[in-house]
Amino acid sequence: MANIDEYVRQIEQAEYGEEVRSSIVNALKKVNDDNNSYADLKKEVIAAKDAVDDQVAAFDGKVSAAQQVTADLIAATSTANTAKTNLTAATSTANTARTNLEKATSTANTAKTNLETATKNANTAKTNAETAKNNLDKTITNAGAAQTNLQGVIDTANSIKATLDSTNKTAATAKSNLEAAINNANTAKTQLQDVIDDAGTIKAELSQVITQANTAKTNLDASVKTANAVLQSLDSENNAAASNIEELRSENFNSQEILAGVADLRAYLGLTDEDILGMQVDYKNKTFKRLAGAVNLTAGADFDRFSMFGGRRRCNVADDGTIVAWYGDADYKEDGSMGQVMIYQPKFYYLVCPVVYDPIETGVGYHLRKANYYVSEKPRAGFRLHPAFYDANGNEIDYFLTGAYEGSIWDVDGGDGSGAYLMNDEQVMTVSADKFSSIAGVKPASGLTQGLTRPNIEQMAKNRGDGWHGDLIKQVSAEQMLMIIEMGTMNLQTAITQGVVSIPDNSAYNCSSLTGSTADIGNGTGKAAQTINEKGGTTTTETANGKTAVCWRGKENFWGNIWKFVYGVNIWGNGAMGGGQPFICTDFNFAESKNSGNYEGAGFTVTNAAGYISAMGYSTKYDWLFFASECLGNSSLPVGDYHYITQNLNAYRIALLGGCWNVGGNAGAFCWFLNGGVGVRSRVIGGRLVFIPTRDSAAYLAAIESWKEQMQQAA
């Protein structure tokens, strides 16, 4: 309502009629204005009320709709719960059906295996039956021919009979002569019986000798001094026996068996010299025992005083074989700027004494069940210089050099055109010109897309000059023997570390780790603190066991990270030799698919079933090889390493060593992949560099003198 109090007050105080009139007029205007405002306000209120009424009506509609939706939702929820219950029941039924299906599948697979076995046996029986039929057909044919011949003989006999009837007198004389011959035969029989009786006496005496030998063994166990005397006497007897071999043969003795018996006795008694290092490996009982001078020694510093161990040194080597720096020198480098990073391995002599062995029934040679392995830094009776220490001319050498790091490539056209190392396995090699290398800080070369085969690695190694090669079987075997004697076991993944064997694989890349993470270990043995893994351009720093590099006396990744080609050995089989026989190259003229001429059979066949090693193949000439003849072991003992083979091999295969980044416990120093065909290349396969010096060359003589200086400084 309008407030006109001010105008009423003016009227009350007005003295003149005009003032009263004016105040009244103003009051009335005010009332009129307020009435107009109230009218407008009323209209707005009415409009607002109408809007609210509309909204209330709309809200009531929505509430009604919501109530309907709620009712529908409650109904749908009920339906869903029913469906859920039905689904749960159906799932339970499906799981039961799945279990029954898995059991049925397992039963079917078993039946399939049995059927395949039965089919194989049936095929074998069919083949044997066909062979028997062919033989029977031949026999029938031969019988027919024999019948014809027999008739001829009968005819001839009838003719002879007629002649014989006319010569009875001559027959009577012959009869007398025959009786005399019979008498002489009886005399010879009596003499032969005397010889047999004498042999029985000799056998009894031999039994006494065996008994005495057992007594001697007991005494030997009680007295090392007595054992040395017996051994020296045995050496003398061995030398005497060797000089009288022909005489023994003339007396119908089996000289080879006698000499084998002497060797077995030496092995059984064992050697005790302090400067001979040995280890007994009992493959059957999965045990190891240090022998001779290795007794009570611990891997590492205890072995440093023996040159074949403590004399191993990292060094920089020029292409002509000259050693230009040693690990620890101020100018020693591992980036390739001072030459290749190699390991100087001094020569040694070895002896393998088989203690227990048995024939390989499905092939040739023997399963070695128990053996004594010995090494010596100087010549000894019965020991041989390891075959790794001969040059291309067949001369004895004092050392060889093996790559400290897995192989990479020097690209002759790289960089600014003057050449550069391929740092990340770039697939651009030129076999005729590039050089295989051994440096730190690079990704090992592989055959991801390029033809990095065994012969091509050999060619790129030769591009450095005379004496350079890819990794070789004789040098690898020499280091295998040294490792087991020092570490006192064949499971080197446990003795040292796993190596790079647990990196997740990516099938698109070479997933190996960069070389050089053991640089600070130098000439020692152990596990890298960290290793850089590279995969498709992404690098990761790894510190866990199984993902970091391993080092044995300066050599990085003898196993793991990437498979390494090994040359100088071919595996060949004709389908009836198990996993095949190794054929060893007798010189440095290597070839693929060859098992004759300068390739000589090892004298034993490798295992015919892939698995963990339980026995090594053995022959007297190639006793230094470490290829499995049987694989019934496990991932820990007696060796803990795996062999991959081709069953009933009827072709050629090549040799890959060590395992790669994702093979885990299968890897190791004795892990061989003998299932790769000739010419194989792969993203998981690389190689390593080796240098074989030429005896009496300038570089050879200088290297020996330089090494001697290193040894004097270390003394």
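**Close-up views of a predicted model**

**View 1. A salt bridge between Arg 380 and Asp 273.** In this predicted model, the side chains of Arg 380 and Asp 273 come together in a salt bridge, with a distance of 2.7 Å from N to O. Arg 380 belongs to the loop between strand 7 (366-376) and strand 8 (384-385), while Asp 273 belongs to the loop between helix 6 (255-269) and strand 1 (276-282), so the pair ties together parts that are 107 residues apart in sequence. Both residues count as partly exposed, Arg 380 with a relative accessible area of 21% and Asp 273 with a relative accessible area of 26%. Salt bridges that share partners also join Arg 380 and Asp 273 with Asp 275 and Lys 378 into one network.

**View 2. A salt bridge between Asp 358 and Arg 369.** Asp 358 and Arg 369 form a salt bridge in which the closest N and O atoms are 2.8 Å apart. Because Asp 358 lies in strand 6 (residues 349-359) and Arg 369 in strand 7, the pair ties together parts that are eleven residues apart in sequence. Asp 358 is partly exposed at 24% relative accessibility, whereas Arg 369 is buried, with a relative accessible area of 14%.

**View 3. A salt bridge between Asp 623 and Arg 384.** Here the closest N and O atoms of Asp 623 and Arg 384 are 2.8 Å apart, and the two residues form a salt bridge. Distant parts of the chain are linked by this pair, since Asp 623 is found in the loop between strand 23 (615-618) and strand 24 (628-630) and Arg 384 in strand 8, 239 residues apart. Asp 623 is buried at 8% relative accessibility, whereas Arg 384 is partly exposed, with a relative accessible area of 35%. Across the protein, the count of salt bridges comes to 21.

View 4. Strand 10 (residues 408-411) pairs with strand 11 in the antiparallel sense over two bridges, and Trp 410 stands opposite Tyr 421 in strand 11. Strands of a sheet pair through backbone hydrogen bonds, in either a parallel or an antiparallel way.

**View 5. Cysteines without disulfides.** The count of disulfides in the model comes to zero. Cys 511 is in no disulfide, and the nearest cysteine sulfur, which belongs to Cys 660, is 8.9 Å away, whereas a disulfide would require the two sulfur atoms to lie within 2.5 Å. Cys 511 counts as buried at 0% relative accessibility, and Cys 585 is also buried, with a relative accessible area of 2%.

**View 6. The protein around these close-ups.** The protein contains eleven helices and 29 strands, and buried residues make up 40% of its 715 residues. Of the contacts with a separation of 6 or more, 69% are accounted for by residues 24 or more positions apart. The protein exposes about 36,300 Å², of which carbon and sulfur atoms supply 54%.

Key. Residues are numbered from 1 along each chain as its sequence is written. This is a predicted model: local features need pLDDT of at least 70, side-chain atom pairs count only at pLDDT 80 or more; totals for chains, interfaces and linings use all residues. Side-chain values use heavy atoms; hydrogens and water are left out. Helices (H or I, at least four residues) and strands (E, at least two) are DSSP runs, numbered from the N terminus. Buried means under 20% relative accessible area, exposed over 50%, partly exposed in between (1.4 Å probe, protein chains only). Contact means heavy atoms within 4.5 Å. Accessible areas come from the Shrake-Rupley method with a 1.4 Å probe; for residues, only the protein chains shown count as cover. Two strands pair if DSSP finds at least two bridges between them. A salt bridge is a side-chain nitrogen of Lys or Arg within 4 Å of a carboxyl oxygen of Asp or Glu.
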